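Me: Got a model here that I'd like to go through residue by residue. Can we start with contacts and then look at the backbone?

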Amino acid sequence: MAANLDHLAQLLQATLDARHHRKAETALKEEAKKPKYSLSLLSIVATDAQPSNIRLAAALAFKNFIRHNYVDEEGNYKLPQDEVATIKQELVGLMISSPPTIQTQLGEAISIIADSDFWERWDTLTQDLVSRLSTTDPKVTNGVLEVAHSIFARWRPLFSSNALNIEVNHVVNTFGDSFIQMLGVADQQIEANKTNEKALKGWLETMSLLTRIFFDLSCQDLPPIIETNLQPITMVLHKYLSYANPLFDDEEDEATPIETLKSDICDALHLYVTKYDDDFGGYVQEFTSNVWNVLSSVGPQKRYDALVSKALHFLTAVASVHRHAQIFNNEEILGTIVEKVILPNVTLRESDIELFEDEPIEFIRRDLEGSDTDSRRKAATDFLRKLLDDFEALVTQVVSKYISHYLEMGKTDWKAKDTAVYLFLAIAAKGAVTAAQGVKTVNSFVNVIDFFQQHIAADLVATGGEPIPKVDAIKFLYNFRSQLSKEQWGGAINPLIQNLASPNYVVYTYAATTLERVLFLTDDQGQHILSRADIHPYAKDLLQHLFALVEKDTSAAKLQENEFLMRCIMRVLIVIKDGVLECDIDNILDHLINITNVIKENPSNPRFYYFHFEAIGAIVRYCSTAPQVNLLSRLWAPFTYILNEDVTEFVPYVFQIFTQLLDLNKSGSIPGDFKALIDAVLAPGPWETRGNIPPLAKFIAAIIPKATEEIVKENKLESILSIFQSLLNGKKTDQNAFDILESVICSFPASVLEPYFGTILTLIFTKLQKNPSDSYKTRVASFYHLVSARSGEAGLGTDYFIKHAETIQSGVFTPFYLQVVIPTTREFARPSDRKLAVISYSKTLVESKAFAERYMKGWGFTCNALLELLKNPPKVSAGAGDEILNEADVDDIGFGIGFTPLSTCKRPPRDEFPEITDVQQWVRDFLKASDKAHNGLITRYASERLNDEAKAVLAPYLM
């Protein structure tokens, strides 16, 4: 056992070394398959003799192992029962005794376990925590409270439900009294240890944790025990909002436990004023005064940043409640607010300038609208804008005086002008400032364009001087990009591009991100403000310059640091489409492949490599059929290296781009290189990583129609259907299963499918009996229509489906058709699905012997369903247009673990009958010709099986 732990510790240490981490992680995956792996990791975490970095790596590995291996999608344990019991028995005590960094990882693991087990399968946990609370040892108590908070905090984002309410009540009933008691204990201990820095720090952290748990317990509903004790709780909160202790006065940069506690109190106050104003309203005025005093008393030091932000969030919440907002409806009070709260927190500090100079990428990420949620500037802006919502004219009047004052000062002091511009940005925007559009609605009392022309434009084109005024000018365009007309952007685009040549990191990055957002921008009709023609003259030089900026430092970490530059490259490539062929495409591919080869060794910035692969996807989308470039041969070596070395972060992107290459290859056969991948993707290994599943399924779906001969000849269809079965059994992968199945149905005739079709239906029907999702029923109904519509040469059709269904169980088809197919088809949203259903229903009416002779009522139901679809005949667009790339803004995509779809590689919905362009006319021709060929049989069935209204609607299709 000891030898195994030493080997495991060595592997964990190797994962921390960039040179060896891939091999070490692969070896750890093999270790994870061995019995008691999770307990071995916990043993390493618990071993004080191990170096702290290895203990932390073990805690992280344990958390990730639990995330993927504790329970399956149905909530059943994947680990042996005795291992589960030991984990629960050891984990809480281990977390309590661990250092803070390890506590964080173990706390997240406990939260993951709690998601499946708490409280019914872990009903002793809360009482266990209560029993471990100490009134004398803050370290022990804080460990207990960290565990409690890691479990209770799960409730914060959840919607209310009976199950959730039962869980919260269980905790309140078990934990509530002890919570109230510990508030008193912590208060007493803070007072008793006011000169003992170490003990005081511990008990202040206790009070912070209790305050967070106060929030947790109240986030769904107001618990009776808190409602009963609300008055004494508010007294404690008042006391610590005003608390000070000279022991912590020397700290400049890091928040002390006092600031952390006050921040947590402001968080709780925010919740209560927002959610429980009826109960809490009487306390609001005094807390508002307290928070105001906090804001007035803190300095510009970084230690206060989070506190100031939280305090301003509370005031913003107060201003959001109409009856409380009236306390701000006074010119003198608003003037005081601007002077005492807004100005100190929007004015540039020395620490901001240091960040600008020393960590420019961090400055940009904090400064961009929507990304600096905890900054003073953002919080002050949000508060001012909330006041503006209620008192637009008065706030504009008050703030404009300060803007004018600082603009005058700004003639000789660039920092003062920065303040003026920021104040204008704050009051000029109304409503949400979106990542896609910037400011959509402006304050009716200001003129954005005039302000830009009078005070901003000169800084945009100025040479030399301080860089921050130029950044302010570019940021003005970035924020108000929707307010400029196409003609105004025509004048601004050239100076914007010229700023990409600035030697200053922040200036050229802001220029790049503003250019990218403008290229993304559309008007109310969905038309791009700047078109391909507008950007094409600059494109070649622009792309070369952007690549030069990205590749300025060739180390993996620095090269992928600036996602804003790569995003701009991506957007230019998307906008110019196949115009890239005129921009030295080979050179552009050289850059992209070189970047791939550098960052694959240590992917560290998910946004950067997402935009990087979108850029490659754009070239594939628009240039794959161009004779002057062989994209597959250029991309094959770097991409297969990624697959062979299992660069986990990149594999899903590689398969999406390979799928796009296959889809756009119009030959009927599989390109030679791809044959080598068939066996690899049919092996179990790649499917073990959840993020690989969607792109792998689509890749197999794309490869099947081009490799039908190889698949049949080499007996690979069974392997493909085994993957379908495995995916169908998962809650989150059944949609991917149908991607594969539909490709199989469309690629093979009935004679090949015959041995498997009954099993396929059995699997589908079995899952239908287990309370399936609506999306599952939609795919099942679409699958039925696909089989039904593929009669003729394919040998499938309605009767083929019925034959196999009835073999499984006599009479099963009728409820399936009436309870699943017809009602689900009625809800089809995609035109391609509705078109397929029209063709399926039409062929059923004409070709199905079973519906003609056995399901006579069903024939009438089918005809009625067809006529209902034809009331709004589906129209399927050919190909994939630009709108595909604009459906979702990339800022809304979640990065990190899992699958992130590439917009440039998005597959259009399958249309198996592209030759049918006018569905209504096709139905008319098909029914009319069939009726004639069968001597009026369709007309006779209609007269016998339809009511008069349906007959009248069907008649034009038979004439």
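Me: Which residues does Thr 141 touch, leaving out those up to four places away in sequence?
Reply: This is a predicted model. In it, Thr 141 touches Leu 133, Ser 134, Met 182 and Thr 206.

Me: What does the side chain of Thr 141 reach at 2.4 Å?
Reply: The backbone oxygen of Ser 134.

Me: And where is Thr 141 found?
Reply: In helix 8, which covers residues 138–152.

Me: Buried or exposed?
Reply: Thr 141 has 0% relative accessibility, and the cut-off for buried is under 20%, so Thr 141 counts as buried.

Me: OK, backbone now. Which peptide bond is cis, the one from Phe 118 to what?
Reply: To Trp 119, with omega near 10 degrees. Trp 119 lies in the loop between helix 6 (100–117) and helix 7 (125–132). For context, most peptide bonds are trans.

Me: Where is Lys 36 found?
Reply: In the loop between helix 2 (21–31) and helix 3 (37–46). Lys 36 is partly exposed, with a relative accessible area of 34%.

Me: What about phi of Asn 771?
Reply: Positive as well, near 50 degrees, in a residue other than glycine. Asn 771 is found in the loop between helix 39 (750–768) and helix 40 (774–789).

Me: Is that one buried or exposed?
Reply: Exposed: Asn 771 has 72% relative accessibility, and the cut-off for exposed is over 50%.

Note on methods. Residues numbered from 1 in each chain as written. Predicted model: local features only at pLDDT ≥ 70, side-chain atom pairs only at ≥ 80, totals over all residues. Heavy atoms only, no water. Helix = DSSP H or I, 4+ residues; strand = E, 2+ residues; numbered from the N terminus. Buried < 20%, exposed > 50% of the residue type's maximum accessible area, 1.4 Å probe, protein only. Polar contact = N/O pair within 3.5 Å; in protein donor to acceptor, adjacent residues only side chain to side chain. Contact = heavy atoms within 4.5 Å.
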